[in-house]
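The sequence and structure come first.

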Amino acid sequence: MMASFGIPDDVVMHETSLVVLESPNNYLTQDQPGFILDFAAFKEFLVEDGRKKGAEYRFNARVRDPIVKGGDVVGVRYNGDEEIYAEIIIDATGPAAPLAKSLSIVDLERKNHAVGIEYQFEGINTNPPGYADLTDAMMLRLDHEYAPGGYSWLFHTGEDEAKVGVCFIQNERYRENDTHDRTIDGFLEHWLETDPRFENASRIPDTQVRGSAHVQSPGSMSTTSFMAIGDTVPSIDPVWGEGVYKCMKSARMAALTADRCLTGSVDTSTREMAVYDDLWHKQVAPQQDRRLMMTKMLYLASNERYDQLMKDLNKIDRDTLSAINNGNKREIAKLLHPSDLSLLWRFWRETQAQ
Ligand SMILES: Cc1cc2nc3c(=O)[nH]c(=O)nc-3n(C[C@H](O)[C@H](O)[C@H](O)COP(=O)(O)OP(=O)(O)OC[C@H]3O[C@@H](n4cnc5c(N)ncnc54)[C@H](O)[C@@H]3O)c2cc1C
């Protein structure tokens, strides 16, 4: 992502070299380079870079709805009655999706709504006894006690500092393993209070990130003169929540489509805009349905099953791990145990309820 989008090093907060997957009593450590972005600096870079390339920004402009004439989306209304017109309109408002919803392009369902919260902390012990060494690591933890139907994370940002967060799908079906009625803030607090790595940790002010996304299959993403990108679609990877790269890739595919439609004679018909849908499925998230299936199965499993999964993953070579992460059905099937019948039954029930 850094290379293909020309992201400068000065928006990188820390370079990591490991990825750690944790379950309540087990973990898996893998060599895997990564970049932790300074998100505010990253967004400022995007604005500056856009301006250099000719973009004009209108801050504090709240888009209300699309202006449609003769079945064609010709503009948007914002901040009450202000209007702006264009050949092509793109909704990039994340899960808010005021235009895509109004045009019935996306149907973001409540039962697939995932929420997330993150803060940066100092005073973190990244290597206490009995835990994986999280120095220069991105750690993702599967544990219903802290994130029922989701995961929590600790991304080391250097010294004794880290970004720490929790996200989960707000759906009762995934909360069968959870006996408490906590909010997302409550789950993060609970993790902070009970994990020794946070014993001396304190929040760094003004570092809160809070947001949401939908863990579901995208339907249509475009119509005449209109495209929806990023998490409006949604584009985020459902398994590990990698949203930034996926969303930027979707923007690039929309740009290619717009370029094609506006070059020579202008043709922004539904058929021409649908090139974006094809590009999205081929280039942005070719395995999205399989990854959604993996996500649902993962979040329905119990804490004991997570421990077993880590044990099994530790015995597998790197290529096979990659194949599993890429949704290879044969390799995923090899991870199943006879005792998984009840999990498969719950998974089947869940998919029938869709
Ligand atoms: C706590 C948390 C941690 C995360 N960590 C990571 C991570 O480590 N790595 C990663 O890759 N991804 C991460 N993600 C996911 C990633 O942030 C998202 O997938 C990504 O930001 C989505 O980009 P987007 O541009 O589609 O939407 P957004 O980033 O949601 O941007 C949408 C923008 O539209 C604006 N908007 C909304 N409604 C309107 C309106 N009516 N009019 C005008 N503007 C509007 C919003 O204010 C916002 O600025 C995280 C998400 C959360 C919540």
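A salt bridge is a side-chain nitrogen of Lys or Arg within 4 Å of a carboxyl oxygen of Asp or Glu. This is a predicted model, in which local features need pLDDT of at least 70, side-chain atom pairs count only at pLDDT 80 or more, and totals for chains, interfaces and linings use all residues. Residues are numbered from 1 along each chain as its sequence is written, and side-chain values use heavy atoms, with hydrogens and water left out.

The structure holds 19 salt bridges. Three of them are listed here.

| Pair | N to O distance |
|---|---|
| E83 and R77 | 3.5 Å |
| D65 and R77 | 3.1 Å |
| E48 and R51 | 3.1 Å |

R77 lies in strand β4 (residues 72–78) and D65 in strand β3 (residues 63–69), so their pair ties together parts that are twelve residues apart in sequence. Strands (E, at least two residues) and helices (H or I, at least four) are DSSP runs, numbered from the N terminus. A further network, built from salt bridges that share partners, joins E22, R141, D143, D195 and R197.

E48 and R51 both belong to helix α1 (residues 39–52), three residues apart, about one turn of the helix. E48 is partly exposed at 40% relative accessible area, and R51 is partly exposed at 41%. Buried means under 20% relative accessible area, exposed over 50%, and partly exposed in between (1.4 Å probe, protein chains only).

Helix α3 (residues 184–194) has the buried residues I184, F187, L188, H190, W191 and L192. These pack against strands including β7 (113–122), β9 (150–158) and β10 (161–169), where contact means heavy atoms within 4.5 Å.
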